[in-house]
Amino acid sequence: MAFQRRRNHYYHRFRFLIPFILAISGSLLLFFAVLSFLAPSPNDSDHSRRIPPVQFDAASVEEIGVSHFRVPRNGARSARDLWTSRNAKFYSGCTIASNKFQKASAITHPNRYLLIATSGGLNQQRTGITDAVVAARILNATLVVPKLDQKSFWRDSSNFSEIFDVDWFVSFLSRDVKIIHQLPKRGGKTWNTHSMRVPRKCSERCYQTRVLPVLLKRHAIQLSKFDYRLANRLETDLQKLRCRVNYHALKFTDPIQKMGENLVQRMRARSNHYIALHLRFEPDMLAFSGCYYGGGEKERGELGAIRRRWKTLHQASNPDKERRHGKCPLTPEEVGLMLRALGYGQDVHIYVASGEVYGGEETLAPLKALFPNFHSKETIASKEELEKFSSYSSRMAALDFIVCDESDVFVTNNNGNMARILAGRRRYFGHKPTIRPNAKKLYRLFLNRANMTWRAFSSRVRTYQRGFMGEPNEVRPGRGEFHENPSPCICADTKPRPNSDSGTRTYGKGDIITPRRDEPATIDDQNNDYEPERGDSDEEEEPADFQDKGPFNVTSLDYDANNSEEPELEEMLSD
């Protein structure tokens, strides 16, 4: 009976709350109905989810207006030194071979000749040349000076000696590998070489089991399309040989070197510091990345037409997904906002290494407004000076390579061959800052920036970029591509080394290799992608719907659709 009385008591108390609960529920239903009526249509919603464009005030004197926040002319405040890497003075390049590494004269077998046909643009070929020297060492063979790719997309007729100082290349590596300029005659006749291709990321054992038996039988073989045909994981002495080739033996020819140094000096005359930006926003890059930037059917049609020129490429099924996953280059505007958020002011000078930008001046306008001191080799050199280089894509790329390498800060907008080669080189020669956008995180931030203050936006950018700034130990040893992270060739010093001269390096003859006690290299899976020490957490992604940003103009690419040498996807994306 007592239990029944308590139950009736609670029932009567709850009965008085029912009208109150119903009133609140009705109010909420009415509120959501009104909200649904006032909400924009799906098309309007799509428009609101576009990454808001930069808007500039015509009479702006102190600040640049950007959407709902304002970008200070001096950029965001930063507690760190913008032009140096922390603790870089405790690391230096070291490539001296161990005592176990015999001289070439002791291990090279007669009648073993290795020929290499490289593939791709300048930097892709550079990786092939570097790995070719190591492959010859593994096979105890004489290397014939590598043949450069002259038939692919890049259409450059230059040979090795027109890009690199071939005599220096041969002499510098004479203790490691015997190198000759051309294959000798055999009984007074031209040698009949056997052509073959090795798998990508081929290990020492792979060369010994697949290539060596053929070499022993044929005596002279040519490895075709030789790019990334050597594994990341090799024993330490071979890794150090890679570094000796890449950072010391490969020196540009005097005309290229002198012109590159002139460009660097002209940038230095304009400012004590400068940023070099590898923009990579050309039509081919965007087409092959399968990304979408809000240009509507015009953009989809133009980039889709470029993709259809190559049989190996499928039409992008979900371009927005590529952007959300950080697999697309940032727009020039987004690169500029990232740099301003990191603390680089409007007065900073920027050198842009790029081909013809998709969308032309309209696309570049926001970046130029954020950084008016905007330069390229075409703006700081005369047509007459560039005339002897301009017909050769690799020689023009070499000029950009030199200016980017000598910059105080290098910014890469994709992780292609030039970006990886320069990132590794800058680590080896003193860990000069190399900024790689954390595109996955930044994409979501750019999408929502209209709802943020500049202070909050810049703070988030600096947080997201930790682990992507080129600091020592930012990438774990053995992770990523070896040419990007040559950890076996970088040694830790207990005492800080003296500040190095900021002048132009001579790319070989002026570099001094000093012996030191080396730390053991950590080796990891060769197929791993770049991974910073600081993890990139997998947050829930926001959907991205874009509206048209206006018309883009695409100039025709210099490509022969009937060319039998169809470039591979990696080649197109990289250089």
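How many residues does the largest nonpolar core have, and which have the most contacts inside it? The core has 68 residues. Leu114, Leu143, Phe160, Phe169, Tyr207, Leu223 and Phe252 have the most contacts inside it. This is a predicted model.

**Cores**
- Helix H4 (residues 122-138) gives the largest share of this core, eight residues.
- A second core is separate and has 47 residues. Leu339, Tyr344, Leu367 and Val411 are among them.

**Around Phe252**
- Phe252 is one of the residues with the most contacts inside the largest core.
- Neighbours within four places in sequence aside, Phe252 is in contact with Leu122, Arg126, Ile163, Phe164, Asp165, Gln257, Ala398, Phe401 and Ile402.

**Helices H4 and H17**
- Two packed helices are described by the angle between their axes and the distance between the axes.
- H4 packs with helix H17 (residues 393-406) at an angle of about 85 degrees. Their axes are 9 Å apart.
- Angles of 65 to 115 degrees count as roughly perpendicular, so H4 and H17 are roughly perpendicular to each other.
- On the H4 side, Leu122, Asn123, Gln125 and Arg126 make the contact. On the H17 side, Ser394, Ala397, Ala398 and Phe401 do.
- Sorted by class, this contact has four nonpolar, three polar and one charged residues.

**Helix H9**
- Helix H9 covers residues 254-270, which is 17 residues. At 1.5 Å a residue, H9 should span 24 Å. The end C-alpha atoms of H9 are 24 Å apart, which agrees.
- Which residues of H9 are buried? They are Ile256, Gln257, Met259, Gly260, Leu263, Val264 and Met267.

Note on methods: Residues are numbered from 1 along each chain as its sequence is written. This is a predicted model: local features need pLDDT of at least 70, side-chain atom pairs count only at pLDDT 80 or more; totals for chains, interfaces and linings use all residues. Side-chain values use heavy atoms; hydrogens and water are left out. A nonpolar core is a set of buried Ala, Val, Leu, Ile, Met, Phe, Trp, Tyr and Cys residues joined through side-chain atoms within 4.5 Å. Buried means under 20% relative accessible area, exposed over 50%, partly exposed in between (1.4 Å probe, protein chains only). Helices (H or I, at least four residues) and strands (E, at least two) are DSSP runs, numbered from the N terminus. Contact means heavy atoms within 4.5 Å. Axes are lines fitted to C-alpha atoms, for helices over the stretch in contact, and angles run from 0 to 180 degrees between N-to-C directions. Angles under 35 degrees count as roughly parallel, over 145 as roughly antiparallel, 65 to 115 as roughly perpendicular and the rest as oblique. Ala, Val, Leu, Ile, Met, Phe, Trp, Tyr, Cys and Pro count as nonpolar, Asp, Glu, Lys and Arg as charged, and the others, Gly among them, as polar. The expected span of a helix is 1.5 Å times one less than its number of residues.
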